[in-house]
Amino acid sequence: MQDGKKNASESLNEQSVKGTEQAGASEGAEGAKGPKEPKNSEAQEAGKQSAESAKSDAQPSNKAAKAADSTESTEPAKEADSEKEPKQSSSKQPVKSAKTETADKAKPEDKAKKPAQGEKEDKGDKGKVLAEPTRFEKLRAAVLNLGWKKWTAIAVVAAVLLGAGLFLAFGTSHTIERSDRDAGENIYMVVKPGTTASEISDRLMQLGVIDSRLRFWWLMKLQGDASKFKTGTYAFTPHMDEQAVLDKLVAGDTTVVKFTIPEGFGIKEIAKRLADEGLVDEQEFLAEAKDFAPYDYMKKRPNVRYAAEGYLFPDTYVIHSDVSAEGIMKMMAEDFDTRLTPALRQQAAAKGLSIHDLITLASLVEKEARYDEDRPIIAQVFFKRLQMGMPLQSDTTLQYLMAGPKEDVSIEDTKIDSPYNTYQHEGLPPGPIASPGMKSILAVLNPANTDYLYFVADRQGHNHYSQTYDEHLAIVEQVR
């Protein structure tokens, strides 16, 4: 590289000093000795600027850079002197500038490419080696390349996913449709020892006490109240403020439970009513009712669905402490046993009726009669049919077998195979089909004195009676 630089300098000298041979010789002699202060020469300044420009544009390899530095350091005098002469020359021939010369030198064929942004430079014996970008650098570059539209789409998708997750976690509880309840009535909920905050939230949502399980959950967490609930029975109303519900549970503002069971409710209806009010678990209540028989006359008989059926007296109850399926049944059965006085039991025995038969027949009267004046007459019709060996043919026994109430039973319904089907089987069904009130019980003990054998109710619930089947069919055509 030094020889090449010398040749270039000498070529410039020869082109610029053709008219003054002695001056060229004299200048050459001085150039051999070298000036004492080459730093001040304009040629050297131009050379440095050209070298810096070429270095920034072309990025030569380490070897080329070292060679250039070596030439500049060993022969500063010759460069300065040889580049000085073109300025003194009056020759019209074009002179190659130092910048162009330096740029030509900075174009080695094996020069390395400028490393890309983010790549590391590996300096070794063989020159520069481009390193692979890291995963983080690739991810960062990809993120930087995303436009605002893509970022908006990502944000929307993230919001949808978050909303779906929150809905699955907190919004899937189904609110129970509370049957036969006014909006202002109390909804009871029992908090037992060991009940979790999540279970309480679910139950409040199911009962319709709160409208947002998520809001209630966040309130518990933010206020640190998830573990501060007091056990007991609470009275709420529909659609309460979540903070008011939480304050009540934390303060232990329990209440005395009050509920009413109407006449004619069967075990399934009682279970649903109590569950709707938050007092029991519906399925737990039904399971308990299958064999619940604290009194001898309640002893379960063959084909009876629920031993407790008919013996949970319909009334209004107030509970102070034990709120459980068994506790409620025990209280209602005790009420029945108290109301069935010794005098009434003797009256039933005088008519040849056991307590089980009395309540079974009274349950049929309860379901057939909407008005009090009809109860003794219907009781008398059933007694007469029993005496004649005629099937009772009560639609209410078919309704008991169905999943839900049906306004008019069909001929096909009368063919249901069940001991409760009084169209197919003579006598009383296996057991009561509902809880009769005291008026129906008294109607069975004191039936009317008539010769009626048939009856049919109109759309308003009033019954129409007849002595013969032909009369009965004619009335049916009129009222139905």
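## Contacts along the chain

Among contacts in the protein chain (heavy atoms within 4.5 Å) between residues at least 6 apart in sequence, 64% join residues at least 24 apart. The model is predicted: local features need pLDDT of at least 70, side-chain atom pairs count only at pLDDT 80 or more, and totals for chains, interfaces and linings use all residues. Residues are numbered from 1 along each chain as its sequence is written, and side-chain values use heavy atoms, with hydrogens and water left out.

## Overall make-up

The protein chain holds 20 helices and eight strands. These are DSSP runs, numbered from the N terminus: helices are H or I with at least four residues, strands E with at least two. Of the 480 residues, 37% count as buried. Buried means under 20% relative accessible area, exposed means over 50%, and partly exposed lies in between (1.4 Å probe, protein chains only).

## Nonpolar cores

A nonpolar core is a set of buried Ala, Val, Leu, Ile, Met, Phe, Trp, Tyr and Cys residues joined through side-chain atoms within 4.5 Å. The largest one has 61 residues. Those with the most contacts inside it are Phe-259, Leu-274, Leu-279, Phe-285, Leu-312, Ile-328 and Leu-358. Helix H16 (residues 355-368) gives the largest share of this core, seven residues.

Take Leu-279. Leaving aside neighbours within four places in sequence, Leu-279 is in contact with Tyr-188, Val-190, Val-257, Phe-259, Leu-274, Val-323 and Ile-328. Another core, of 19 residues, lies apart from the largest one. Among its members are Ile-200, Leu-207, Met-220 and Met-240.

## Helices H15 and H19

The axes of H15 (residues 342-350) and H19 (residues 438-445) come within 10 Å and cross at roughly 40°. Axes are lines fitted to C-alpha atoms, for helices over the stretch in contact, and angles run from 0 to 180 degrees between N-to-C directions.

H15 brings Leu-344, Gln-347 and Ala-348 to the contact. H19 brings Met-438, Leu-442 and Leu-445.

## Around Asp-211

Asp-211 sits in the loop between helix H9 (197-207) and helix H10 (213-223). Asp-211 is partly exposed, with a relative accessible area of 45%. Not counting residues up to four places away in sequence, Asp-211 touches Met-205, His-239 and Glu-242. Asp-241 is 30 residues from Asp-211 along the chain, and their C-alpha atoms are separated by 8.4 Å.
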